[in-house]
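Work through the exercises below with the sequence and the model at hand. Each task is followed by a solution in steps.

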Amino acid sequence: MQTLIRMLATGFFISYLPPLVFKFKKNTGAGFLGTLVAVPFVFILPADYMLYLIFLLAFWAFAVYICKKVQFKGYTGHDNPKIVIDEMAGYFTAVLFLPRQWPYLLAAFVLFRTFDTLKPWAVKMFDRMENAFGVVFDDVAAGLMANILIQLFIIFVVKS
């Protein structure tokens, strides 16, 4: 059972790749790859806004549950960089109610990664929580910030 939970938490084990591929000073690159794993799922998730919202709420709860249950030997911190299901939850949040077109999906990706990396005030507030809820919801907050910016762009630039 722990292997299945670890598979889900690590984005089908993609977070094990970064040390083999690239290494940064503080950033391992696992969050980038975890977000990348979420992109193709957007095309198979419900297109109906209400169904997507229901899916998203359930996925947030599922991600918190997985983060609570996952165990890694020798790791003592609360936000293991191998856990990327939170990045998936954040990206799914970033594309909420957006058209499923590449410019919007790419903008959501870039903005979400930027907010997740820089950790502005709302993101940092959740990041400081040393529990599974904080692990997931710092990424959800980053996704919401990205989504709001894109929605404002659509309203004031695209539709005007």
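This is a predicted model: local features need pLDDT of at least 70, side-chain atom pairs count only at pLDDT 80 or more; totals for chains, interfaces and linings use all residues.

Phe109 has a relative accessibility of 9% and therefore counts as buried (under 20% relative accessible area; exposed is over 50%, partly exposed in between, with a 1.4 Å probe and protein chains only). Residues are numbered from 1 along each chain as its sequence is written, and side-chain values use heavy atoms, with hydrogens and water left out.

**Exercise 1.** Classify the ring pair of Tyr91 and Phe109.

Step 1. A pair of aromatic rings is described by the distance of the centres and the angle of the planes. Rings of Phe, Tyr and Trp (its six-membered ring) pair if their centres lie within 6.5 Å; planes under 30 degrees apart count as stacked, over 60 as edge-to-face and the rest as tilted.

Step 2. For Tyr91 and Phe109 the centres are 6.1 Å apart and the planes are at 65 degrees, so the pair is edge-to-face.

Step 3. This pair links distant parts of the chain, with Tyr91 in helix α5 and Phe109 in helix α6, 18 residues apart. Helices are DSSP runs (H or I, at least four residues), numbered from the N terminus. Tyr91 has 0% relative accessibility and counts as buried.

**Exercise 2.** Which residues of α6 are buried, and where do they lie around the axis?

Step 1. The buried residues are Tyr104, Leu105, Ala108, Phe109, Phe112, Arg113, Phe115 and Asp116. They cover an arc of only 165 degrees (directions from the helix axis to the C-beta atoms), which puts them on the same side of α6.

Step 2. The face turned away from that side carries the exposed residues Trp102, Pro103, Leu106 and Leu118.

Step 3. What covers the buried residues of α6 includes α3 (30-41), α5, α7 (121-127) and α8 (132-158).

**Exercise 3.** Is Phe156 buried or exposed?

Phe156 is in helix α8. With 59% relative accessibility, Phe156 counts as exposed.

Terms used
Helices (H or I, at least four residues) and strands (E, at least two) are DSSP runs, numbered from the N terminus. Contact means heavy atoms within 4.5 Å.
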